[in-house]
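Biologist: I'd like to learn how to read pockets and strands in a model. Could you walk me through this one?

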Amino acid sequence: MALNVEKFDVGVENQLGLIRSATESNADEAIEALKAGKVIAVPTDTLYGFACDACSSKAVNRIYDIKGRKHTSPLAICVGDVSDIEHFAVTDHLPHGLLNSLLPGPVTIVLGRGESSILEKSLNPGLDSIGVRVPDSDFIRIIARGSRSALALTSANLSGQPSSVSIKDFKNLWEHCAYVYEGGVLPAGRAGSTVVDLTKPGKYRILRPGRCGYH
């Protein structure tokens, strides 16, 4: 999903100096913040989200603190490309081409973590599955690739509050982020991704319907 730079409002009430445009020219700065264990806010193909290094327990705990979210509520991860998923989750039971038919796009695929997953055990402790996203959104995929890790990703809002389709929607949380990346008003209508459980061979289960937009 190409970003429309002309629609950015990078000057919107930027008292804290945190707002940047979600363009490739700002990707290196975002990657360095992630590697330093910071939390950033980014647009996706559905909603604005908080992102951090999924392999940093300190950063993950920071996201929970910002959202006021219970640690028993799991976080999804985001990777840059479909080919990266196998490093973090079990995919060898899936039909050839299935993941590429669903991703990139507004879908969270739930898969088993498996013993070979390089995810930190502190991420979603006690769960043997993980939700994985590859959004159809250029900026977050660029920074996920550049971070050489998976990103923990969750909606940019207080837990239990409406999701955010513009940065103004979570202005009260800007101060907790290293940077807030402006991608304009998102068209998803506050619908998150569709969550599909593919943990069992030959079966699927839709855990949450979300935004339409399958390939």
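Modeller: Happy to! By class, eleven nonpolar, twelve polar and four charged residues make up the lining of the largest pocket (Ala, Val, Leu, Ile, Met, Phe, Trp, Tyr, Cys and Pro count as nonpolar, Asp, Glu, Lys and Arg as charged, and the others, Gly among them, as polar). This is a predicted model, where local features need pLDDT of at least 70 and side-chain atom pairs pLDDT 80 or more, while totals for chains, interfaces and linings use all residues. Residues are numbered from 1 along each chain as its sequence is written, and side-chain values use heavy atoms, without hydrogens and water.

Biologist: What is the volume of the largest pocket?

Modeller: Rolling a probe the size of a water molecule over the atoms shows where empty space is left. Here the largest pocket has a volume of about 650 Å³. Among its 27 lining residues, Ala 76, Thr 108, Leu 153, Val 195 and Arg 208 are the closest to the centre. (A pocket is an open set of points on a 1 Å grid over the protein atoms alone, where a 1.4 Å probe fits, with protein on both sides within 12 Å along at least five of seven lines; lining residues have an atom within 4 Å of a point.)

Biologist: Which strand gives the most to the lining?

Modeller: E6, with four residues (strands are DSSP runs of E, at least two residues, numbered from the N terminus).

Biologist: And strand E8: are its faces covered or open?

Modeller: In a regular strand the side chains alternate between the two faces of the sheet. In E8 (residues 179-182), Tyr 179 and Tyr 181 on one side and Val 180 and Glu 182 on the other are all buried (under 20% relative accessible area, 1.4 Å probe, protein chains only). E8 runs parallel to E1 (residues 19-21), with three bridges, and Val 180 is the bridge partner of Ile 19.

Technical notes. Buried means under 20% relative accessible area, exposed over 50%, partly exposed in between (1.4 Å probe, protein chains only). Two strands pair if DSSP finds at least two bridges between them. Grid points are joined across faces, edges and corners, and a volume is the space filled by probe spheres set on the points.
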